[in-house]
Amino acid sequence: MKLYIKTPFVNSNKFIPHLLEHCALQSRDPSEYLKYSILTSASTRTGFSCFEREDILAQEFFDYLRMPLEEEIFNQELLAIVKELEKPSFGQKVYEKILNQISSEKITTNKAQEIPLTQLQDYHNQRYQEEYTLLIDKDGKIDKNWGMGKQIKHQQLDIKNLTKVNCGSFSYRKELQHFLWTKYSGIEDIFVLDYIGDLLESYWIFDASLHSKYFYSSFDWSFGDQYMILSNSGTLEGIKKSDFFTFSSIFKENYLRNLDYGWYRTWDSHIALFIGLETSIEEHKKLVRSIDNRLIESIVSDFLGEKFF
Ligand SMILES: [Zn+2]
């Protein structure tokens, strides 16, 4: 199971939710450490922390995470996290850059801060609550009988306003990093961008295979409390519109068929966590059917510029 806890940045800074993820999981007691800490994979992203374990019941694990924070652990993890943040990976630095670029605020994801224990305790008491926590079972399905899962509402999609998807794109580092993103206002924006990202990727892979090339650089996908971001490193291959739109109509038929098998629903838990909604495969198919070439063209043109010709 996975626990997704909604942990927003504090003053546009990820430090507090990240430090809390460390402290909540940590223990100085060897038996607790061996049972709960050592085998858990934990991470803090933009707007949520995730804890993953298959062998412990969710409620027991959640109760462990909610135990009062100790000063010794706070001091210990403060030092550990400073070391972790000393050398952020290239990907982390790029991610922070893109967040700064697309949002209007200065966002910090990888810098240690000086904070008192009480501030962390307050945040812990406030945020590590069932009402902010989604439980995902081992098959990736949302548990509707627990925490936020109880509140998820079913949503019909609005396919009439599909021309208004709020997308943007830009490149940096001498055109070697490319981003396609949406500041989503509903499930529609997410499904559209997911579809178009998949379409672009599939086209590049297909085109490379036609030319006997085996290399392609795919997108990295990230989903936070406001943005969905696709990023691509390397030089983007140009795309001829006529070839692309021929491919695109066949791609759509295949996509619709795959939807029936439950594909392309990777983001269901993120959608539930951040928007509190879910939708059916039928609604998803209706939306995909109504994605027209004009919408695709406007998003892809914006992303590829002259390389879409
Ligand atoms: Zn960490």
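## The interface at a glance

About 1800 Å² of area is buried between domain 1 and domain 2, and carbon and sulfur atoms account for 74% of that area. Please keep in mind as you look around that this is a predicted model. The size of an interface is often expressed as the accessible area lost when the parts come together.

Let us step back to the chain itself. Domain 1 covers residues 2-150, and domain 2 covers residues 154-307. Between the C-alpha centres of domain 1 and domain 2 the distance is 29 Å. Domain 1 brings 21 residues to the contact, while domain 2 brings 19 residues.

How many salt bridges are counted between domain 1 and domain 2? The count is one. Looking at individual side chains, you will find Lys144 in a salt bridge with Glu278, where the closest N and O atoms are 3.1 Å apart. As for polar contacts between domain 1 and domain 2, three residue pairs are counted, with both residues at pLDDT 80 or more.

## The domain 1 side

Which elements give two or more residues to the side of domain 1 that touches domain 2? They are strand S1 (2-7), strand S3 (47-52), helix H5 (90-102) and strand S4 (133-136). H5 gives the most to this side, with eight residues.

Sorted by class, the side of domain 1 that touches domain 2 holds 14 nonpolar residues, along with four polar and three charged ones.

Technical notes: Residues numbered from 1 in each chain as written. Predicted model: local features only at pLDDT ≥ 70, side-chain atom pairs only at ≥ 80, totals over all residues. Heavy atoms only, no water. Domains from an automatic or database assignment. Contact = heavy atoms within 4.5 Å. Buried area = accessible area lost by both parts, 1.4 Å probe. Salt bridge = Lys/Arg side-chain N within 4 Å of Asp/Glu carboxyl O. Polar contact = N/O pair within 3.5 Å; in protein donor to acceptor, adjacent residues only side chain to side chain. Helix = DSSP H or I, 4+ residues; strand = E, 2+ residues; numbered from the N terminus. Nonpolar A, V, L, I, M, F, W, Y, C, P; charged D, E, K, R; others polar.
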